[in-house]
Amino acid sequence: MSKTVKSTTKNPFDLFNTHRPFYSQEHEMFRSSLRTFIKKEVLPYYEEWEENGYIPRELYTKMGKQGFLCPQVDPGYGGLGLDFGFNLVLSEELSRVGGGTAGVNIHSSIVVPYLETYGTQEQKEKYLQKCVNGEILTAVAMTEPGTGSDLASVRTAAVQIGDHYVINGQKTFITNGINADLFFVVVKTDPNATPAHKGVSVIMVDGDSPGFSRGRKLKKLGMRSSDTAELIFEDASVPVSNLLGEEGKGFYILMDKLQQERILAANAAFAQAQEMLKSTIAYVKERQAFGKPISSFQNTQFQMAEMATELSMARSFLDNLVNLHMKGENIVTQVSMAKWWITDMARRMAARCLQLYGGYGFMEEYPVARRYRDIAVLPIAAGSNEIMKNIIAKSLGL
């Protein structure tokens with residue numbers, strides 16, 4: 001049994017120490033190796049990727065060869081069989097670089113788990129090892145033009161003809177849309193189902209399937225190096241054997257993994273907020289105004305005190321939820337609270353930190369400008385924060 005790492009920091013309230021109560025020595029070894037990889041293979045090129053709006057496909061292959069993709073996958077399929085804490089380390093360290101690295105976490109910690117849980121033996125043998133080694137990159141295709149969080153209203157239709165499904169429709173805002181090789185597509189297999197969500201299924205579509213094509217690579221406000229695209233299905237032909245789980249059970253498959261997805265979203269927001277506050281504290285100590293550093297002004301000190309308090313509260317709540325999630329407990333309401341409050345906190349913090357940078361905060365040469373853009377999507381992604389509040393309200397009997 002692995003030993004829990006004891007914090008070596010002298011300050012128990014050090015918000016920038018990476019120690020969390022569920023991390024062991026093995027987690028920190030994984031983090032150290034990942035940081036070395038990021039320093040060599042990501043940081044020198046990240047600004048260029050942001051400019052190009054695209055992370056080269058080769059990065060995922062390199063990560064796979066180093067064992068950084070899908071660490072949770074069973075060793076029988078080429079994985080390491082590690083716990084959820086390793087997925088969190090992956091999320092944290094990549095989020096510290098920038099929001100444009102989100103495609104790695106979507107592949108490793110959101111999409112591949114669908115296959116692990118609901119895939120047939122044949123599907124797992126066909127795809128899982130390639131997902132682990134980076135030969136296959138995945139994406140989940142839910143959102144459609146005009147259809148956001150209401151998955152029951154998707155219009156992309158799949159009709160079975162013989163031993164194939166014929167799919168017609170469009171998807172948009174698909175992360176990894178350009179780079180991905182395998183798409184988990186949410187479709188309507190029964191348009192007459194009552195209630196409507198019982199007509200939803202998930203079908204795995206290979207990137208070279210006839211009738212399937214990628215549309216525009218979308219230009220975004222933030223997370224620019226994360227490739228996001230439209231997907232087009234024009235009589236796309238996919239074997240019936242690529243159905244994930246049972247027909248009509250797609251809604252339940254997606255809901256089953258949303259708790260983990262929203263924990264990851266909250267954790268990414270926390271990590272980005274943590275980096276932002278850390279860099280802002282360093283900056284206000286250096287920036288001079290009226291002959292002294294602005295960190296000496298009471299307003300600056302109050303701003304920092306307030307943000308540090310919010311970050312500390314977020315960390316405590318999130319750490320507790322991760323522990324419960326790793327024990328297999330159903331904490332949908334609490335996770336909805338965390339996803340809403342922490343992503344909203346990060347968005348507020350981005351504006352406050354940028355203000356403290358003054359005019360320099362508006363310059364692209366300072367990372368706070370990129371953080372400001374990247375964080376804007378977090379209250380929208382993984383279920384909008386308005387949906388989170390609906391979930392919380394229902395748990396209150398409203």
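Select Cys 353 to begin: this residue is buried, with a relative accessible area of 0%. Buried here means under 20% relative accessible area, exposed means over 50%, and partly exposed lies in between (1.4 Å probe, protein chains only). The model is predicted, so local features need pLDDT of at least 70 and side-chain atom pairs count only at pLDDT 80 or more, while totals for chains, interfaces and linings use all residues. Residues are numbered from 1 along each chain as its sequence is written, and side-chain values use heavy atoms, with hydrogens and water left out.

Next, select Cys 70, which is also buried, at 0% relative accessibility. Across the whole structure, the search finds zero disulfides (a disulfide being a pair of cysteine sulfur atoms within 2.5 Å).

Proceed to Arg 315, in helix H8, residues 298–326 (helices are DSSP runs of H or I, at least four residues, numbered from the N terminus). Arg 315 is buried yet has no salt bridge, and Asp 319, the nearest side chain of opposite charge, is 4.1 Å away. A salt bridge requires a side-chain nitrogen of Lys or Arg within 4 Å of a carboxyl oxygen of Asp or Glu. Now display Asn 17: its backbone oxygen lies 2.7 Å from a polar atom of the Arg 315 side chain.

Finally, select Phe 362, in the loop between helix H9 (332–357) and helix H10 (367–375). Phe 362 counts as exposed, at 67% relative accessibility.

Methods:
Helices (H or I, at least four residues) and strands (E, at least two) are DSSP runs, numbered from the N terminus. Lys and Arg count as positive and Asp and Glu as negative; His and the chain ends are not counted. A polar contact is a pair of N or O atoms within 3.5 Å; within protein, one must be able to donate a hydrogen and the other to accept it, and residues adjacent in sequence count only if both atoms are side-chain atoms.
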